[in-house]
Amino acid sequence: MDSKVRVRFAPSPTGGLHLGGVRTVLFNYLFAKHHKGEFILRIEDTDQTRFVAGAEDYIQNTLAWCGLVPDESPLHGGAYGPYRQSERKPIYAKYAQQLIEQGNAYYAFDTPADLEQKRKEILNFQYSKAHRMEMKNSISLTEQEVTTLLENNTPYVIRIKVPDAEEVKFEDLIRGEVSFETSQVDDKVLLKADGMPTYHLAVVVDDHLMRITHAFRGEEWLPSAPVHILLWKYLFGLDQMPKWAHLPLILKPDGNGKLSKRDGERLGFPVFAMDWTDPATKETTIGFKERGFLPEAFVNLLAVLGWNDGTDKEIFTLQELIEGFSIDRVHKGGAKFDYEKAKWFNTEWIKQLNNQELAKLVRPILEKEGIEIHEDDYLVKVIGLVKERCHLLPDFITQSNFFFTPPIQIDTASILPKWDDKKKVFFTELAKNYAAKITDGHLTAAASDLETEFKNLAATQDLKPGDLMLPFRIMLVGGKFGPGVFDIVSCIEFKDAMQRINHCLSLLA
RNA sequence: GGCCGGUUCGUCUAUCGGCUAGGACAGCCCCCUUUCACGGGGCAAAGACGGGUUCGAUUCCCGUACCGGCUACCA
């Protein structure tokens with residue numbers, strides 16, 4: 001009770017981190033920080049066949065981007081390391097041995113082929129009481145046979161000996177009491193033939209050694225919970241066991257089933273937090289970051305997918321999430337991911353973020369497009385003008401590039417139908433006026449003044465301003481979009497505005 | 001198949017026995033805007049089904065249906 005809250009996120013480094021993974025991290029983090037506790041990152045790399053180079057760095061980078069920095073991790077160190085299970089290999093064998101001595105585990109010598117054969121022969125084969133005696137293990141074999149097998153270095157695994165007819169139950173922080181009949185659970189492998197532990201053993205041993213107080217993980221782990229409960233009982237005592245919470249799954253938007261990388265590709269939205277390039281295939285999977293999401297928005301949208309604070313509030317800062325988070329307000333049911341709503345969160349965050357901060361993020365995106373930015377102040381001003389029409393960061397490209405360079409594509413087709421000599425005269429005159437301003441030493445003017453002058457000029461020529469606005473807009477930005485025309489003129493200044501008018505006039509001639 | 005879990009508008013969700021079932025996204029309409037957005041207003045849209053318990057069930061219990069997860073020397 002009075003011991004410090006310690007939680008862990010324990011991914012296996014097999015590829016990019018998807019939405020569900022990041023949300024698991026987030027809930028862990030929020031819970032820990034809410035209780036002024038510690039958040040640990042532990043890398044579960046016990047399956048050497050699935051290990052993918054770079055995946056661990058990717059995980060660390062993703063956490064950093066999201067602002068969910070671990071207190072202890074392979075990178076940050078800590079008092080309970082090492083934090084990579086592959087580096088803890090010797091530890092697990094000791095506990096497996098202890099279980100054997102206690103009679104809670106046993107050696108099994110069946111080869112993969114033996115098992116495959118057995119599964120073919122018997123429908124719904126389970127390595128458990130029902131078939132244990134038909135297999136090659138230290139329960140079915142005599143002591144002498146086992147000793148010989150061991151002395152000959154016969155490959156073996158260690159399996160948990162699940163008790164006969166017991167009820168295993170535990171209190172899930174989200175689901176309440178969950179119980180299992182042990183006759184339904186099989187003798188899971190604890191230690192593999194290569195000496196590595198399986199998840200089942202490793203998670204229990206490490207959670208104990210790392211003093212984990214609360215263990216949150218995806219719902220897909222619920223069925224193996226009884227194995228872990230049993231292991232806790234045999235090894236460290238149930239009173240030492242962390243509190244469990246099994247998080248609901250994030251489901252695909254259409255149809256059924258949990259969200260996968262393929263769904264994102266199919267439906268055209270990211271599933272990974274950041275870009276991930278598979279080192280083997282060189283195939284890159286797009287991430288939320290690169291798609292133009294702000295980390296604040298990403299964290300926000302994930303947090304409210306399956307959790308809410310009981311009010312109508314939807315926009316939360318990380319700090320607000322920490323303060324308001326509680327595990328018992330997490331949903332039981334899975335949630336379908338809605339990309340449209342996800343974008344809405346980003347739109348909101350773009351509006352919330354101040355222009356200076358936004359400028360830092362937008363600048364590299366524009367520069368990558370070959371847009372030259374000479375002054376920071378100018379960029380900040382432009383961002384203020386266009387931010388409310390941007391949903392994703394790359395939207396700033398189309399929304400603001402005409403502030404930096406004259407439009408290349410000009411939608412003259414939208415001007416032509418109503419174009420006539422009167423308008424031509426007007427714009428020729430307008431350009432001259434701007435030229436005169438420059439001669440007088442004026443670079444620019446306030447938008448409201450520009451508008452007044454524009455309307456006055458229109459009046460003297462007996463033209464309706466309304467008929468002139470669209471052509472003017474297209475001359476300036478190339479199409480029917482963007483902020484108010486006079487804001488644009490004010491921003492790009494007389495010289496540039498004049499050139500764009502003249503250029504367009506020549507196109508229309 | 002077995003085990004476990006889940007089930008409120010199309011989607012995310014509020015409701016902890018008393019509701020004309022609220023909000024948000026998406027959709028549609030209107031206003032604002034001489035562009036596109038933003039913003040404001042409005043419309044439409046839900047308690048899987050059947051039994052109980054109760055004065056009263058979306059809320060509690062049971063059953064059914066449907067959906068999902070797991071069922072590896074993967075996590």
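**The largest pocket and its surroundings**

Mentor: By class, the lining of the largest pocket comprises 19 nonpolar, 13 polar and 12 charged residues. Here Ala, Val, Leu, Ile, Met, Phe, Trp, Tyr, Cys and Pro count as nonpolar, Asp, Glu, Lys and Arg as charged, and the others, Gly among them, as polar. The model is a predicted one, in which local features need pLDDT of at least 70 and side-chain atom pairs count only at pLDDT 80 or more, whereas totals for chains, interfaces and linings use all residues. Residues are numbered from 1 along each chain as its sequence is written, chains are lettered from A and ligands numbered from 1 in the order in which they are written, and side-chain values use heavy atoms, with hydrogens and water left out.

The volume of the largest pocket is about 1200 Å³. Of the 44 residues that line the largest pocket, Pro11, Ser12, His18, Glu220 and Trp221 are the closest to its centre. A pocket is defined on a 1 Å grid over the protein atoms alone, as an open set of points where a 1.4 Å probe fits, with protein on both sides within 12 Å along at least five of seven lines; lining residues have an atom within 4 Å of a point. Grid points are joined across faces, edges and corners, and the volume is the space filled by probe spheres set on the points.

Chain A is divided into domain 1 (6–73 + 249–340), domain 2 (86–205), domain 3 (354–403) and domain 4 (412–508), with bounds from an automatic or database domain assignment. The largest pocket lies between domain 1 and domain 2, because both give residues to its lining.

At least two lining residues are supplied by each of β1 (6–9), α1 (19–34), α7 and β8 (214–218). The largest share, four residues, comes from α1. Helices (H or I, at least four residues) and strands (E, at least two) are DSSP runs, numbered from the N terminus.

Helix α7 spans residues 199–209 and includes His208. His208 counts as buried because its relative accessibility is 18%; buried means under 20% relative accessible area, exposed over 50%, and partly exposed in between (1.4 Å probe, protein chains only). Neighbours within four places in sequence aside, His208 is in contact with Trp232 and Phe236, where contact means heavy atoms within 4.5 Å.

Strand β8 is largely enclosed by the rest of the structure, since five of its five residues are buried. β8 runs parallel to strand β9 (residues 243–247), to which five bridges join it; two strands pair if DSSP finds at least two bridges between them. In this pairing, His214 stands opposite Lys243 in β9.

For comparison, consider strand β5. β5 (residues 167–172) has a covered face made up of Val168, Phe170 and Asp172, and an uncovered one made up of Glu167, Lys169 and Glu171. In a regular strand the side chains alternate between the two faces of the sheet. β5 is joined by six bridges to strand β6 (residues 176–181), and the two run antiparallel. A hairpin of three residues links β5 to β6, and Val168 stands opposite Phe180 in β6.
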